[in-house]
Amino acid sequence: MDTGLAVPDRPPDRPTARRPGRQRSQARADGADEADIELLTCGVLEVVGRLAEASNATLYCTMTHQGRHAACVYKPVAGERPLWDFPHGTLAGRELAAYQVSRASGWAIVPPTVFRDGPYGPGMCQLWIESDPAVDLLALARSTSHQGLRAMAVFDAVINNADRKIGHLLPAPGGHLYGCDHGVSFAEEYKLRTVLWQWRGDALTEQALQGLLQIKSQLDSGALTDGLRERLTADEVNATRIRVELLLQHQVHPYPPEDWPAVPWPPI
């Protein structure tokens, strides 16, 4: 079992990791996310339509709760297509696990997400993000200076995302960058497959190090570990911890795997 990341033996000059600190994105997660989580958990879920381009059943829905309304994505477990390399019926839970890691990091990459019952049985329910139509996604995916995109590259390394496509980038009108579709993540073996390889081998930023330290702190305390164990196997949780520790040890962006396709297909 190969749980490690492809990182150089000797890291380049890099910033020094410090104790976890509170970040602006975490402030948003602690406040607005709570209201969104309540809405997603307790709201009346009404199916409006299906996103036809999705490989698994992905339903566009509305939520209503105590006068609040919002759109969301509902992915029932019953609509998951069997995969050869991930246990059947686990993708929705992995989406929730990705949100838990995102929230622990303070990067707020994954929109508020819950696991709940719905019209087609239990599944993942995630707040709908209206992507800014003025943003060129192809140009965004190639950027080397976008801080949110670079944080997403580190986040993908932590969760071992095997499917980071350009179409999974969700730039919100306010400027924050979200990401979606994290169901094929958290494998024990190194399966990182992404369009975001432009920082491979580069030193991690201070923002990345602080986020990793926050993830490690919550893994060590059990605050994050307990939640992940509800959706992942013990070995998958342990592999996640190892990836975080390797990133903190080497403090560089990983390289593509040598025995696994580095970029998902199609990349968009």
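Visitor: On what basis are residues numbered and features reported?
Guide: Residues are numbered from 1 along each chain as its sequence is written, and side-chain values use heavy atoms, with hydrogens and water left out. Because the model is predicted, local features need pLDDT of at least 70 and side-chain atom pairs count only at pLDDT 80 or more, while totals for chains, interfaces and linings use all residues.

Visitor: What is the volume of the largest pocket?
Guide: On a 1 Å grid over the protein atoms alone, a pocket is an open set of points with protein on both sides within 12 Å along at least five of seven lines, a cavity is a set where a 1.4 Å probe fits but cannot get out, and lining residues have an atom within 4 Å of a point. Grid points are joined across faces, edges and corners, and a volume is the space filled by probe spheres set on the points. For the largest pocket this volume is about 1,200 Å³.

Visitor: Which of the residues that line the largest pocket are the closest to its centre?
Guide: Strand E3 (68-76), helix H2 (91-105), strand E5 (123-127) and strand E6 (169-171) each supply at least two lining residues; helices (H or I, at least four residues) and strands (E, at least two) are DSSP runs numbered from the N terminus. By class, the lining has 24 nonpolar, nine polar and 10 charged residues, where Ala, Val, Leu, Ile, Met, Phe, Trp, Tyr, Cys and Pro count as nonpolar, Asp, Glu, Lys and Arg as charged, and the others, Gly among them, as polar. Of the 43 residues that line the largest pocket, the closest to its centre are Ala 54, Ser 55, Asp 163, His 168 and Asp 181.

Visitor: What is the volume of the largest cavity?
Guide: The structure holds one cavity of 30 Å³ or more. Among the residues that line the largest cavity are Trp 197, Trp 199, Arg 200 and His 253, and the lining has six nonpolar, three polar and two charged residues. The volume of the largest cavity is about 80 Å³.

Visitor: How are H5 and H7 placed relative to each other?
Guide: Helix H5 (residues 206-221) and helix H7 (residues 234-250) pack at an angle of about 140°, with their axes 10 Å apart. Axes are lines fitted to C-alpha atoms, for helices over the stretch in contact, and angles run from 0 to 180 degrees between N-to-C directions. Angles under 35 degrees count as roughly parallel, over 145 as roughly antiparallel, 65 to 115 as roughly perpendicular and the rest as oblique. H5 and H7 are therefore oblique.

Visitor: Which residues of H4 make the contact with H7?
Guide: The axes of H4 and H7 come within 8 Å and cross at roughly 135°, which makes H4 oblique to H7. Contact means heavy atoms within 4.5 Å. On the H7 side the contact is made by Thr 240, Arg 243, Val 244 and Leu 247, and on the H4 side by Val 154, Ala 157, Val 158 and Ile 159.

Visitor: Is the peptide bond from Trp 265 to Pro 266 cis or trans?
Guide: Pro 266 is found in the segment after H7. Omega of the bond from Trp 265 to Pro 266 is near -5°, and the bond is cis.
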